[in-house]
Amino acid sequence: MDTTCPTVKSLIVLDSEGRRIAVKYFAPEWGTVSSQANYEKSVFAKTSRTNARGEAEIIMFDDYLVVYKCLGDLMFYVTGSLNENELILYSVLQAFYEATSTLLRQQVDKKTVLENLDLLLLVMDEIVDGGLILETDPQTVASRVSMRGADGEVPITEQTFSQAFASAKEHLARSLLK
Amino acid sequence: MAATAQDSLAPLRSGEGKKDEDREEETEYSPFYGIEKGAVLQEARIFHDPNLDPRRCSQVITKLLYLLHQGETFTKKEASDVFFAATKLFQAKDPHLRRMVYLCIKDICPGSDEVIIVTSSLMKDMNSRVELYRSNAVRVLCQIVDGQLLAQIERYLKQAVVDKSPVVAASVLVSAVHLIKHNGEIIKRWVNEVTEAAQSRQPMVQFHAVALLHALRASDRLAVSKLVTQLTRAQVKSPLAQCLLVRYVSQVRRRGWWPAGATGAAAAAAVTAAAAAVTAAAAAAVKGSSEVPVGALREQGKGCVAGRGVQQQQQQQQAAQQKTNSSSSRSGNGRRISSGLTLKHVIADSQPGPGGESRPFYDYLEGCLRHKSESVIFEAARAICNLRDVTARELTPAITVLQLFLSSSKPVLRFAAVRTLNKVAMSHPMAVTNCNIDMESLISDQNRSIATLAITTLLKTGSEGRVDKLLKQIGGFMSDIGDDFKVVVVGAIRSLALKFPAKQRALMGFLASVLREEGGFEYKKAIVQAILELIQEIPDAREAGLGHLCEFIEDCEFTFLSVQVLALLGREGPTTKEPARYIRYIYNRIILENATVRAAAVSALASFGARVPELTARVVVLLKRALYDNDDEVRDRATLHLTQLGGAAGGPEAICPSLQLNLAAMEGALAAYLASDDTQQPFDVSAVPKAAPEAKLPKPQGGLMAAAAAGGTAPAAGGAAAGGAAAAGSAGGAGAAAGYSSQYEAIIKARPEFASLGPLFKSCAPVRLTEEDTEYAIHAVKHVFAEHLVLQFDCTNTIAEQCLEDVSVMLDLAEAPEFEAETVLPLASMPLNEVGQCFSVLRRPAGISAGKMGCVLKFTVKEIDPSTGEAEEEGYEDEYQLEDVEVSGSDYIRPLGLGNFRGAWESLDPATEREDDYGLGPREALQDTVETVMGILGMHPFEDTSVMQPHKETYIVYNSDTVETVMGILGMHPCEGTEAVPPNARSHTVLLAGQLPGDVRALVRLSFGMGADGQVAMKVVSRGDSEEASEAVHAVIQEA
């Protein structure tokens, strides 16, 4: 592939003990499960004791550049190659955790994430496609994951009154529950 | 059931010990507790249910994906079953379920024969009204299709490229980038659509369109430069697309795809295209931009200037534009303005200025520094910093931007900035000094990577005066960083001490204080290595360093390090002012330590006894106590050394033999000895050459950064090795000569005939004596011995029909009367397509003698009978004229590694000093010249001479080329960076050291200066152990 294009080598979410929640590897060097597990282990060992709660942190090791952020009891990692632009990786990370956070209504913890694992997987799928960055705006990612606009295949302008009313009611109920 | 699933996941789980406990807790909240593949596959049968429950189906898909993500694998049949079941789900209308199905198909990735099942469903979705269905269907399809199917759906995909919806367009563009690897032909047909998409207002669409356009042209560099030219002029809004452009620009620059002419051509093409002028000349330029001769463009450019053509032509172009009413009139206004600018570019680019160094697109990069997106700013700053031979002035705006990043609240920004600055500091330390204050505050940064990079940068840029302050800051910080980082810092301190020997006291003090603190083995080892190196390199540091090490071994838990320090004490201690003070430390080891350390201590002690006569009696007393040690080795050593001190068993000299043999040669000689039948004679060790003084290769400043970048240990060896490679590359002759020496040494060693000549002093690079593609390939290698010169002829026969026997080379010494032929060692048979050697041994006069020898190859030819393949018995003698072998002065000079050039220089008798000036004529750059001269002399250059001062403000010819030429002539070895001339330097001093036969040193200071007209003058000042040595240097240069 074109080497000048910014690429993401992997997206990883680990729990507070370094166990895998969801991962997506795009680089061929992690072809086997054991190589992936080793990588996750070393990443976790190097990052678990740092404080990445406030701002996303960054670490450089082996041949990788890893930006990461701690949210709840989970760690979000984005890996790139050493000569990648740190800020581009950072924007991917930002999209990653913010979109997740939006979709889970700011309830990012292991339990919620596992219960809504489908959303997390979709977020990963919407941000990076085969290593290429597909979208980095968290709101856009979140709305694509929730398939907004695809409900019933009817755009709002063409909805009947009752349909519109029903959806309005649902929206209201949701916002009240929040 | 649960247990089996957990076992299969075992490799992914950490914390083996308390797993069960955790599992118990986990049951409370993990929805996937006890999940098992078989059960989930069973569950997947609900996909076939006619009354689909979308919710439940999504859950099952999630479970399947969870298993996949945890590293579970499905067999082909399982995957195929799941895939078929999932295709049924296309009947459901639920959007979320549909989205999960897409993901599921992508992750399970059906076999090629199954793809056909889903294609129709996906095609239907591709034409759906809902954009998210369209985009996802495109992504899934592109991932699973093969070339044949792709050709069928190409029409739809092509259409999707220009879809109004950004998500659809971006999806198809990304997929195209993936597909281009295997189906480039199909994608190439979309160029028009992709070009249109590149104008999109949607950032991601634009980004991927630009990436795709570039990928389509990646193999055609002219097309790439043209594309870049167009895009940099166009409105690229997307930050990511801007980043791409910055990368393309620097890539084009880096690979030298932008010769002045081509730039002109590309820029001219852009101008004409932008103004849409359809004049004949311009049209020709556009069409044949690749073939337009440089000269023509220059003419064009000059013509513009001469006849106030800029305005005129612009007006013409505008008029033409209005006439043609072209499609680009929409943005014509803005472009017209830019076309004026571009014309200026054309002129600037095609007329090499005084330096011949115009930088197309530097303005563009600089403009990107003001972009509103941080990633673009950083990308541009990084690109500027990585420009080859960037000047200080060009760097300034980039550094300013990075400096702002340094004080950002975001660690990522700080890291990015400090990493880039660290790199810049290697080549342009002065440019980074402005950031020192910000950098200092980063020393205490939470993120240790940032802190370490900041420190190493500071240590690189710091001036001598700031060292103390820096040390104080680092001292406070050392206690709370990990050993990995400490090792990097120690490495930086070491190179700083080598750079500022005057500051060694403070730096040594710092090392000593960190040595006393707690630390792991690697860290302590790094410190000890650093101190050892300082002791060897800086004479002033010796006593203090030894003192610190003595204290260290008093309380050292690492046997390895204790032994190392004791060995050093034994070697260095006796020659210090007060050898007696070390005795106590060493003897304490004999009392207190383990056997290994005790044995080392005994040897060290004996060394004092042998080399310091006044201590001998005391040492003997101490050694006697070790005779009752309960370890064999210690007792044996004590007994041996006592006997030796008593005069027996070789006497005191045998305790610390100065037998510094070249181990490789020793091994070769021993092997040859064992192979020969005559093992009755004792092996003669004196025939083995002494090891050359360990060559101190220049420590690259890069070594440090490499270590810092790796975040690991700072291996001195690694640095030295890298330095070696760099030196071999840059110093040409010198580095290569070292390689030849070791290669040929083994050959010489293998011939017992040369044993009587004494140790080999130097082997020169092989010289070809025959033309390419002749019947025989002959190379000559000159070996210099104390009183002899051995010519080795590497002979190869290339004719299969002939057998050449009794091969020798007859020398005509008419033009080299000082040499006297002694013996000739013929080659019995010249092997076919392999190398065989014959030798001629010449006696050479003392001192340096040059000359030219005519060579004739003599041999007996025997035809090979083609029927039997055997050589005929009768042969005839023949000869073959070879090129002459020249012996020059530089053959007698070999590089010498010295730690302290200035010290050595001062110690040499000023009376031996010889000075001379040479005009080298016009050269393009200094670097060439320096390298050529070093090539001639074959010496070692030294130290980061502060003499090289780039003149910053004035405009200067880039003169590194000249340095390279001079280094090539001398064949010497550049030391510690003096071989590298800073870009644009007008003057430079190189320090070189070499050795002549008989262990005579010759040191040289070469000063280069460059006049405004490119004339280079060289001043050579040399000193030597003898006047002859000093004169020899001049003789060599004069010859060249």
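An axis here is a line fitted to C-alpha atoms, for helices over the stretch in contact, and the angle between two axes runs from 0 to 180 degrees between their N-to-C directions. Keep this in mind as you look at the views of this predicted model.

**View 1. Two helices of chain B side by side.** Helix H10 (residues 166-188) and helix H12 (residues 203-217) of chain B have axes that come within 8 Å and cross at roughly 10°. Angles under 35 degrees count as roughly parallel, so H10(B) is roughly parallel to H12(B).

**View 2. Where H10(B) touches H12(B).** From H10(B), the residues in contact include Leu173(B), Val177(B), Ile180(B) and Lys188(B). From H12(B), they meet residues including Met204(B), His208(B) and Leu212(B). What classes of residue make up this contact? There are 15 nonpolar residues, one polar and one charged.

**View 3. A five-stranded sheet in chain A.** This open sheet has the strand order S2-S1-S5-S4-S3, with antiparallel pairing. Its edge strands are S2 (20-25) and S3 (57-61) of chain A, each of which pairs on one side only. On average, neighbouring strands are turned by 20° against each other, direction ignored.

**View 4. Strand S1 beside strand S2 in chain A.** How many bridges join S1 (residues 10-15) of chain A to S2(A)? Five bridges do, and the two strands run antiparallel. To follow one of them, find Val13(A) and look for its bridge partner in S2(A), Ala22(A).

**View 5. A helix of chain B on the sheet of chain A.** Helix H23 (residues 411-427) of chain B lies across S3 and strand S4 (64-71) of chain A. H23(B) runs at about 40° to S3(A).

Terms used. Residues are numbered from 1 along each chain as its sequence is written. Chains are lettered from A and ligands numbered from 1 in the order in which they are written. This is a predicted model: local features need pLDDT of at least 70, side-chain atom pairs count only at pLDDT 80 or more; totals for chains, interfaces and linings use all residues. Side-chain values use heavy atoms; hydrogens and water are left out. Two strands pair if DSSP finds at least two bridges between them. Helices (H or I, at least four residues) and strands (E, at least two) are DSSP runs, numbered from the N terminus. Contact means heavy atoms within 4.5 Å. Angles under 35 degrees count as roughly parallel, over 145 as roughly antiparallel, 65 to 115 as roughly perpendicular and the rest as oblique. Ala, Val, Leu, Ile, Met, Phe, Trp, Tyr, Cys and Pro count as nonpolar, Asp, Glu, Lys and Arg as charged, and the others, Gly among them, as polar.
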